[in-house]
Amino acid sequence: MTEFEELVRPHADALYRTALRMTGDASAAEDLVQEAFLKAWKNLHRFERGTNFKAWIFTILTNAYINDYRRA
């Protein structure tokens, strides 16, 4: 298992539940979580080890939702 998987796995269900509350649609929630995972993976070098990963990835999820909402 990669370092990224070890960081993400404990939060995957909570991320999906939050995305589902935001979007109200299961498919859209899955897409939103996927987008958050991709952005987090691409920017993992910006994450400061030893800080709160959960807060970091939930911020990414929230910002992805806001950006998608603005585009729509």
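**Salt bridges.** I searched the whole structure, a predicted model, for salt bridges and found three.

I took R49 and E3 first. Their side chains meet in a salt bridge at 2.8 Å, N to O. R49 sits in the loop between α3 and α4 and E3 in helix α1, so this pair ties together parts that are 46 residues apart in sequence. I looked up the accessibility of both partners. R49 is partly exposed at 46%, and E3 is partly exposed at 42%.

I then went to E35 and K39, whose side chains form a salt bridge at 3.2 Å, N to O. Both are in helix α3, four residues apart, so about one helical turn separates them. K39 is partly exposed, with 28% relative accessibility. E35 I found listed among the buried residues of α3.

The pair D68 and R71 has its closest N and O atoms 2.8 Å apart. These two are three residues apart in helix α4, which again means a separation of about one helical turn. D68 counts as partly exposed at 26%, whereas R71 counts as exposed at 61%, the cut-off for exposed being over 50%.

**Helix α3.** I checked its length next. α3 has 17 residues and spans 24 Å from first to last C-alpha, close to the expected 24 Å. Besides E35, its buried residues include A29, L32, V33, A36, F37 and A40. I noted that the buried residues of α3 pack against α1, α2 and α4.

**Helix α4.** I read off residues 53-71, which make 19 residues. The reach from first to last C-alpha is 27 Å, close to the 27 Å expected. At the start of the helix, a side-chain oxygen of N52 comes to within 3.1 Å of the backbone nitrogen of K54. I listed the buried residues of α4 as F53, W56, I57, F58, I60, L61 and A64. Their cover includes α1, α2 and α3.

**H11.** I located H11 in the loop between α1 and α2. H11 has a relative accessible area of 16%, so it counts as buried, the limit being under 20%. Apart from neighbours within four places in sequence, H11 is in contact with F53 and K54.

**Aromatic rings.** I counted four aromatic pairs in the structure. One of them is F47 with W56, a tilted pair with centres 5.2 Å apart and 45 degrees between the planes. F47 is buried, at 7% relative accessible area. I also noted that F47, F53 and W56 form one aromatic cluster. F53 and W56 are among the buried residues of α4.

Technical notes:
Residues are numbered from 1 along each chain as its sequence is written. This is a predicted model: local features need pLDDT of at least 70, side-chain atom pairs count only at pLDDT 80 or more; totals for chains, interfaces and linings use all residues. Side-chain values use heavy atoms; hydrogens and water are left out. The expected span of a helix is 1.5 Å times one less than its number of residues. Buried means under 20% relative accessible area, exposed over 50%, partly exposed in between (1.4 Å probe, protein chains only). Contact means heavy atoms within 4.5 Å. A polar contact is a pair of N or O atoms within 3.5 Å; within protein, one must be able to donate a hydrogen and the other to accept it, and residues adjacent in sequence count only if both atoms are side-chain atoms. Rings of Phe, Tyr and Trp (its six-membered ring) pair if their centres lie within 6.5 Å; planes under 30 degrees apart count as stacked, over 60 as edge-to-face and the rest as tilted. A salt bridge is a side-chain nitrogen of Lys or Arg within 4 Å of a carboxyl oxygen of Asp or Glu.
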